[in-house]
Structures are given as C-alpha cells and as structure tokens.
Amino acid sequence: MLLTEQEKERALISNLAAKHDHQRSALIPILQAVQADYTYVSEFAMQLVADLLGIHAAEVYSVATFYQFINTKPKGKFIIRLSHDMSSIMKGAKTIARQLENDLGIKFGETTPDGMFTLEWTNCIGMNYQAPAMMVNSEIFANLTPQRVNQIIESCGVEFRSHRPTIGKVGETFTNTLTYSSHRANAGLNKAVGMSRSDLIAEVTAAGLRGRGGAGFPTGTKWNLAAATKADAKYVICNADEGEPGTFKDRVILTQYADMVFEGMTIAAYAIGAVEGIVYLRGEYTYILSHLEEVLAARRKAGLLGNNILGKSGLSFDIRIRMGAGAYICGEETALIESLEGQRGEPRNRPPYPVNTGFNNKPTVVNNVETLATACCIVDRGAKWFTSIGTERSKGFKLFSVSGDCSRPGVYELPWGTSVEQLLDLVGGSGAKAVQVGGYSGQLVPATQFSRRLAYEDLGLGGSVIIYGQERDLLEVAENYLEFFVEESCGQCTPCRDGNVKLLEGVQLLLKGKCSTRYLNELIGLCETIQVASKCGLGQSSPKVLLAINEHFRDEIMVRPISATH
Ligand SMILES: Cc1cc2nc3c(=O)[nH]c(=O)nc-3n(C[C@H](O)[C@H](O)[C@H](O)COP(=O)(O)O)c2cc1C
Ligand code: SF4
C-alpha cells in the first residue's frame with residue numbers, strides 16, 4: 001500500500017519521537033531531523049511533535065521560530081547564506097550579493113520559482129580570514145569571487161562536491177606553531193587519572209587558567225565549585241557555539257585538535273565527577289560534525305571514553321554532540337543550557353550558576369573549546385610551565401583570530417600581554433585606524449591606544465581581532481554591529497530588544513548626516529541605559545561601539561563629507 005506524503009511524515013516524526021524517548025529536551029534535534037527531509041517544519045509537523053512530546057503546539061512554534069536555521073515556511077532545496085560580518089563586507093560581500101541576485105534572478109529573502117534556491121544574509125560563519133564566505137546548506141564556500149558564484153550555483157545540480165572550499169585540514173593559515181601541536185596524545189589525561197581530584201583541580205587553579213570564551217572566569221575555581229556540589233549527576237559542556245563575530249579559532253581547534261578538546265572534557269569530568277559530556281556545536285559548523293563523531297568513536301574504541309577510562313575504576317564518561325540552530329545568544333552559557341533542554345535560547349537569571357544548577361538542574365561545567373584544549377597542556381606540563389608565560393593576571397598563551405585590513409590574517413598563538421601594536425606588526429596591519437578586540441561585544445581601540453596590551457589587566461578578550469584600515473567608515477561598522485545585535489537579541493529585556501533598534505535607527509540617521517547634537521546626546525544616554533538595564537552580556541555590550549566612536553572618532557559623526565551622506 002502506498003503511503004501519502006502526510007502518512008510518511010507522521011511515520012518519520014513518530015520514529016524520531018520514539019528514538020528520543022519522547023523527551024522534551026529532544027525537541028530541537030527532532031525539528032532539525034524533520035527539516036532535513038522536508039526543508040521546513042510545517043504546522044502539521046509541529047502539532048504532531050507537540051502531541052508526541054506531550055507539550056502544547058504553541059511551545060513548539062515558539063521554539064521553532066526562535067532559531068534562524070529552523071524553517072517554518074518552505075524554502076529552496078539549496079539555502080544560500082552569505083556572511084554579513086564586517087570582514088566579509090570589507091572583502092567584497094556586497095559584490096558577491098549582487099552577483100548572486102543577478103545569477104539567481106531573486107532578491108535576498110526570496111526563493112527561486114522552481115524551489116531550488118533561497119537567498120539569505122546570515123551572521124558571521126567563522127570564515128573571517130577567508131572572506132567573503134557563504135554557506136550552501138551546510139557546506140561552506142570561502143574566498144568567494146563574483147566569478148565563482150555562478151560556478152557554485154551550477155554545481156548545486158551535482159551537489160557541489162567538487163567545489164568544496166579549502167577549509168578544515170587543508171588551507172588553514174597558522175602563522176606560528178601552536179603549542180597544541182607538540183602535545184602528546186592524552187598525556188594530560190594520563191597524568192590526571194594518576195592524581196587525586198583535589199590535586200588536579202589545585203594544579204589547574206595554580207596555573208591561573210582563565211576561560212577562553214570571553215568572560216575569563218578562573219577555570220580551576222569553576223571546576224572546584226562543581227566538584228563541591230553534591231548531586232547524583234553532573235555534566236561537562238563544551239561551548240563550541242563560537243558566535244562572536246570575527247572568531248574562528250575554536251573552529252580551527254575542532255578541525256585540527258578535536259582529540260585534545262575531548263581529552264580536556266574527560267579531564268574536567270574526572271575533576272568534578274561527571275558522567276556525561278555534551279558538545280554544543282554551532283549549526284554553521286555542521287560540516288565538522290562527521291569528523292568529530294569519528295574522533296569520538298576512535299576514543300571509545302581506545303578505552304578513552306566509556307566505563308573505567310584508562311582502567312581507572314569509577315571513571316565513566318561519554319560525550320555526545322548537539323547541534324545549534326543559528327542563534328548567537330546560545331553561546332551564553334545559560335541560554336545554551338536552555339537550548340539543550342529544548343527551549344528558546346533565553347539566558348537565565350543568575351544565580352543560581354550552572355556549577356550548582358545547570359543542565360537538567362544538575363551541577364554543570366561549561367567551558368570553551370580552547371579552555372578545554374589548553375587544560376590538557378597544563379595538566380601534562382604543569383602549572384609552573386604555564387605561569388612562566390603571560391602576565392601577572394593573565395597566564396599562558398592565547399589563540400587570536402585575526403581578520404580585516406591586514407596582509408596576514410589567520411590564527412595566531414601569542415602570550416598574553418602582547419600589545420595591539422605588536423600584533424599589528426605581526427599580521428601586517430600596521431597603520432590601521434582602529435582595531436576591534438573581543439568581537440562585536442568587545443572594544444574598539446583607536447590608533448592612539450595601540451600600545452595597550454591584550455591581557456585581563458587591560459584588554460581582556462575571547463579571541464577575535466578585526467582590523468580597520470584608514471579608509472573604513474566606522475559609522476558603517478557601527479551600523480553592521482547594531483544590525484547584528486538587533487537580530488540576535490533574544491527579546492527578553494525591553495532595553496536590549498527595543499533599545500538596540502533605536503540605536504540602529506540613530507546610527508542610520510547619523511550616516512545620512514541628519515542627526516542633531518541633542519539627539520546624539522540622547523542616543524548616548526540610551527547606550528548607558530541599555531548597558532545597565534540588560535540582563536546578559538549581549539545588551540551590556542551592544543552599545544559599546546557607538547560609545548567608542550562618540551569618544552574617539554567624533555569627527556566621523558560630526559564632520560561627515562556631504563557626498564558620504566545618503
Ligand atoms: C552573548 C554571549 C555570547 C557568548 N558566546 C560564547 C561562545 O560562542 N563561546 C563561548 O565559549 N563562550 C561564549 N560566551 C561566554 C559563555 O557564557 C561562558 O562564559 C563560557 O562558555 C564559559 O567558558 P570558559 O570559562 O571556558 O570561557 C558568551 C557570552 C555571552 C554573554
Ligand atoms: S540582554 Fe538582550 S539578549 Fe540578553 S537576555 Fe536581555 S534581551 Fe536577551
């Protein structure tokens with residue numbers, strides 16, 4: 001008997017729900033799997049998923065519509081998403097956009113009449129030093145030229161395998177040798193299991209390792225807090241969401257040193273007594289998933305995951321991977337946990353902190369990819385070695401993702417304490433007008449301050465460095481950042497949700513040369529309100545760019561050439 005299309009969809013969804021034990025936390029993977037077959041999640045599918053998970057259809061709808069990569073309307077067989085980050089814009093993304101529109105005969109936001117292609121802008125896809133770049137479904141195409149656009153479109157007919165970009169193991173630019181490359185596989189884990197938990201945590205604490213995800217929280221303290229909390233289950237989460245525009249070092253670590261990330265997660269699991277690890281991998285990095293699964297399988301086979309790891313009785317730990325679905329805010333650790341539980345990625349109130357009440361309300365350590373890989377080196381070589389590198393309050397080395405106006409962009413490993421000037425010399429970016437450190441939520445450093453140091457004593461950062469040359473219009477930069485924050489605000493707090501829209505409108509007025517001094521002053525006041533009244537780092541950071549331009553580049557605002565105003 002032939003099944004109707006709806007019967008087939010019903011069977012697929014029923015199987016998916018059964019596979020996930022009808023768990024609410026599996027809502028997002030279920031929606032992703034439905035979409036993989038149907039290109040979108042229909043109302044019929046949402047109702048059925050709701051019934052099978054025992055929740056209201058409105059909840060399914062509210063989750064599905066939160067994530068950019070979950071489609072609730074039919075889209076093309078191939079979704080082309082062109083990266084809108086500043087590095088891409090600086091390297092010609094708008095010319096690529098025009099060529100895409102010309103060759104496909106549609107505008108951004110539209111689908112071709114034959115249902116083959118949908119064209120969209122997307123936020124940073126982590127390819128900043130090979131910009132401009134775009135995704136076609138989950139494949140990534142970098143170093144785009146207008147000439148290549150048509151070639152890629154044509155090759156979609158044959159699923160474009162032959163045109164894969166030079167990403168992953170091929171073509172990454174390392175300008176110096178990473179410390180990771182001399183790490184002997186599992187040397188850290190071998191040492192860790194020979195230590196007591198408290199000695200292990202003491203070593204990481206003595207090393208002064210601070211989280212590499214941006215906030216710089218001391219890793220040893222975090223592990224200690226989770227270890228000290230009594231619970232029947234604990235978790236280690238690797239934050240591989242890497243959504244901060246201009247950051248791509250975690251992607252490079254995951255493609256080149258995945259084994260070290262998993263080793264680091266296992267060390268953390270031993271330290272706190274966790275039995276399960278989860279990697280939250282951003283949807284933009286789907287292309288790395290199969291590689292990560294292979295590395296995990298090899299570790300299981302080698303007895304490095306599973307029960308009694310390395311023969312250590314009681315050390316049982318395994319790792320699974322959860323795909324993100326296109327939401328920057330899910331990099332914030334509590335939003336990430338919400339997302340893992342099948343909810344909208346909305347940051348939680350803190351306290352309680354994840355170390356006490358995290359995933360499934362159990363003690364949870366969330367660490368960045370780089371933090372975990374670096375922990376392996378520390379446990380192997382000792383705190384003394386690590387503290388001999390860096391500065392008083394910023395120990396060790398750090399990976400920086402460098403892009404923008406420089407001749408040698410790429411991933412750089414440098415000791416903390418390096419000045420902006422030294423970094424610019426190294427990457428061929430001398431003579432820049434300004435440098436954005438720490439991504440869009442970081443700081444815009446003017447040339448007069450290039451002697452400042454990359455270190456928690458001065459400029460603490462997660463790793464993104466974007467260089468702006470003398471010709472760049474910093475108000476256009478601010479417009480790009482604010483468009484990003486408006487789109488990525490989770491919408492929970494009014495100052496962030498509405499305030500960023502007002503700031504964007506204000507910057508657009510400034511770009512047109514139509515902003516009174518009084519209104520500019522009001523905008524600056526609004527910046528301060530958004531910063532103090534927002535719940536999480538997104539709203540607390542989004543106004544920084546306008547404040548910096550107002551402070552250091554007031555001429556860009558007040559003395560705009562008439563021809564530049566539009
Ligand atoms: C809006 C926002 C986005 C964030 N995105 C990331 C991210 O993509 N990756 C990351 O590791 N940390 C991100 N963080 C920081 C995390 O909340 C958290 O501090 C980090 O994962 C902890 O790991 P660490 O201590 O190893 O740095 C973000 C924070 C905020 C406020
Ligand atoms: S500050 Fe913005 S992103 Fe953060 S919780 Fe509030 S609305 Fe959401």
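Analyst: A charge sits over a ring if NZ of Lys or CZ of Arg is within 6 Å of the ring centre and within 35 degrees of the ring normal. In this predicted model, the charged end of Arg282 meets that rule, sitting over the ring of Tyr285 at 5.1 Å from its centre. A second case involves Lys398, whose charged end is over the ring of Phe400, 5.8 Å from the ring centre.

Phe400 also takes part in ring pairing. The count of aromatic pairs comes to 16. In one of them, the ring centres of Phe400 and Trp416 are 6.1 Å apart and the planes stand at 85°, so the pair is edge-to-face. This pair links distant parts of the chain, 16 residues apart: Phe400 belongs to strand β9 (residues 397-404), while Trp416 lies in the loop between β10 (410-415) and α17 (420-427). Both Phe400 and Trp416 are buried.

Another pair is made by Tyr440 and Phe484. Their ring centres lie 5.3 Å apart with the planes at 80°; planes over 60 degrees apart count as edge-to-face, so this pair is edge-to-face. Tyr440 and Phe484 are both buried.

Key. Residues numbered from 1 in each chain as written. Chains lettered and ligands numbered in written order. Predicted model: local features only at pLDDT ≥ 70, side-chain atom pairs only at ≥ 80, totals over all residues. Heavy atoms only, no water. Phe/Tyr/Trp six-rings, centres within 6.5 Å; stacked < 30°, edge-to-face > 60°. Helix = DSSP H or I, 4+ residues; strand = E, 2+ residues; numbered from the N terminus. Buried < 20%, exposed > 50% of the residue type's maximum accessible area, 1.4 Å probe, protein only.
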